Amino acid sequence: MLHQAVEALNPTIPLQEEYIRHWKIITNYFIECTDENKPVSETKIPEHLQQMLSVLLKEEKESAGEETGPCMEYTLRHKILKAMVTLALANIPPGMTQCILIFLTKLLNTFQRPLLPLVNVHGPIHKILCVIANTELAFSENEEVEFVWAICQQVRKDPSLIDLFIQPPRKDGAPTVDKQENKLDDLVVDLNNDGRHSLVEALVKLSKSEDTFVFERASEGLMLCTSLQSEQSAVYIVLYTQFCDVVAANLAKQFKVIPKKMATDHILSCPAKWGGETFKDELIGENFHGKQQLLSFLSYLHFLDKLCSQAHQLIARAVGKSIREQFLIAILEPKLLEPAEEGVLTSITHLTRCLILIQSEYLIHEFSVFILGENLEPERRLGPPKNQLRHKMIHRCDHLNEMISAASMKLFEILLQKPDQHILDNLIVRNVIKRNYYDLTINVQNYANVADLSRSLEETHTRDEEYIQKCVNYYLSLIPDMAKSSEGSQDEYETYLKDANRQYTSRTIQCITWDWPREIISDINLNNSEEFYEGEFLSVLFNKLQRILDQPYEVNLQVTSVISLIVQFHHPYLHEYLLDPLLPLKDGSRSLYVILQQIVNELHKRIAKISEFKKMVQMSRQSLLSSDLPNTNKSPINKDLLEGTIVLEEFCKELAAIMYVKSMSPLRESHTNSLSSQN
């Protein structure tokens, strides 16, 4: 009875009437308002907007999502959202923009039925996105980014919604793309047309914010939009927005504020993970000058790497190109070419850290083209370098400054581990692909000085292992007994084989998609009369290796590590040229085995002048293996010689293991057969 009496005194107002009443109160305010400067927070407008939102949500809940309720129908029919956007753009009373953005954000986040496909919803939203994109004022950045993020969440649920924010050009000549090639060069478009991608444009504008939260939220939205596989969206993002230029400019901006003087160890060990929480965690560790700036740069590069890994290929390729032009060429290249050694060392280390970080195939390719250039024609021994940066970077591997030399070799070691065929083709393969290192005029039997070699070459596949073992023994027997620091136990040999197998597997996976030949083609280029040149890169490495008996231990480890990495790749001509000790070489040509023979010959001459050399080299090995043992090698000359001998000894064992593992691989079956057919 009491409940009925209350209802009689205060009857329930239908939802639609309540909804309309709140809206009319808001519109009447603008008719009756006498003070346009009065802040919206001092009015009842925010309260009435909240009531309107509550009514819409209550109506949807009661209708169980079966059909559009009368309040939403009224909103769509009378274009309420369009009117709200108009009020937001006028920002009268002050703060109205934020108020409307909050209303729209809550509506998108809480309404269960999809609203964006409705023309009277996405139309006003598209309009306000365009305004956000073109407005430089930051007074409502937080509300703007939350509003745009709410739209992104709707797009995440239904990726097809992304096309709603594309505004085609008003003239003929809309962009088209070749469906099969899918390359930027195939896009045909009149750039005078004013096509738009309002969602991405708004995100790009917000990504310029100095506010960390706004910047990161907008960046995450960009990652989402670029990852969608809508070809139309990708074309408009590349051609009609500043997205590619802005992200590249952001990266360059982050790099410019890093201090010029930094310890190389700090640069290489600095972590890099995208995201604010991770960034804060990393700041807790060891502190050093410029750490925050370096972290910001590396974190953003990590973001771009993730973006390119996930993005539509048109976008990823365009972003990579922009990064090469605006960061690598414009900012980093002048620093790499400067004469000051300290600055060069820091710049090389920064580039190395970037290479360690990136995983996207598009970024890797742009970095490799930046360092090496695009030329794949065989190199010439004489004449000016065609690419000045490539020339300098390679020759710094043999720099007088040992720190620059080691840093340069480290850079190439990292570069060689990246899954981009262009890197190996540019540095090495283009120079051996013609096989003009091979000399048919030399009798193979005399060249190798092995009496039964010609017979073994003619054996069937069942005797291939005999030839392989012969080649392996050439490496294992290179070092004279009087210079060996270790007798080479079975466990040690098995360790080298396990390492070689693991490394070769990694290289096989790395180049599994490359279009390298699987076997030697015996009837091509063998009568080539051209002079053979191994190319700048191998030439510098060979020169460096030849001085192994006179260089510091750390430098020797670095150069042998790079060469070891190269010989693990299974290109048949690269394998033949670098690893086969029985290969007949043209006069004046060098191979890895020839270089090692020359080093051993020099070693013979030196140890003949040193008494008890074997004992000294064994003690030196013990000193290297245990820091607790005293170093008895007081003479710097003896130290380099002894440690160089040890590195040479272990390097030969490593090469023998790699030779065996590669030769016994199914990918290697054709090598000895091709040699047999040629002889």
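Trainee: In which loop does Pro93 lie?

Mentor: In this predicted model, Pro93 lies in the loop that runs between α5 (80-90) and α6 (96-110).

Trainee: What kind of peptide bond joins Ile92 and Pro93, and how is that read from omega?

Mentor: One looks at the omega torsion of the bond between the two residues, and for Ile92 and Pro93 omega is about 0 degrees, so that the bond is labelled cis.

Trainee: Turning to the backbone torsion phi, what is the value for Arg435, and where does this residue sit?

Mentor: A positive phi is worth noting in a residue other than glycine, and Arg435 is such a case, with phi near 55 degrees. Arg435 is found in the loop between α21 (421-432) and α22 (444-448).

Trainee: Which loop holds Glu612, and what is its phi?

Mentor: Glu612, which is not a glycine either, has a positive phi of about 55 degrees, and its place is in the loop between α29 (592-607) and α30 (613-625).

Trainee: Are Arg435 and Glu612 buried or exposed?

Mentor: Here one reads the relative accessible area against two cut-offs, with buried meaning under 20% and exposed meaning over 50%. Arg435 has a relative accessible area of 0% and is therefore buried, whereas Glu612, at 58% relative accessibility, counts as exposed.

Trainee: How should I read the packing of helix α11 against helix α16?

Mentor: Begin with the angle and the separation of the axes: α11 (residues 231-240) and α16 (residues 313-337) pack at an angle of about 20 degrees, and their axes are 8 Å apart. Angles under 35 degrees count as roughly parallel, and α11 and α16 are therefore roughly parallel to each other. The handedness is read separately, and the crossing of these two helices, α11 and α16, is left-handed.

Trainee: Which residues meet where α11 and α16 pack, and of what class are they?

Mentor: From α11 come Ala234, Val235, Ile237 and Val238, and they meet Leu314, Ile315 and Ala318 in α16. Sorted by class, this contact of α11 with α16 has seven nonpolar residues, with no polar and no charged ones.

Trainee: How many helices and strands does the chain have, and what share of its residues is buried?

Mentor: The secondary structure comes to 32 helices and two strands, and buried residues make up 53% of the 679 residues in the chain. Among contacts between residues at least 6 apart in sequence, 80% join residues at least 24 apart. As for the surface, the accessible area of the chain comes to about 32000 Å², of which 51% belongs to carbon and sulfur atoms.

Notes
Residues numbered from 1 in each chain as written. Predicted model: local features only at pLDDT ≥ 70, side-chain atom pairs only at ≥ 80, totals over all residues. Heavy atoms only, no water. Axes fitted to C-alpha atoms, helices over the stretch in contact; angles between N-to-C directions. Helix = DSSP H or I, 4+ residues; strand = E, 2+ residues; numbered from the N terminus. Parallel < 35°, antiparallel > 145°, perpendicular 65-115°, else oblique. Left-handed = near helix turned anticlockwise from the far one by under 90°. Contact = heavy atoms within 4.5 Å. Nonpolar A, V, L, I, M, F, W, Y, C, P; charged D, E, K, R; others polar. Buried < 20%, exposed > 50% of the residue type's maximum accessible area, 1.4 Å probe, protein only. Areas by Shrake-Rupley, 256 points an atom, 1.4 Å probe, with all protein chains shown as cover.
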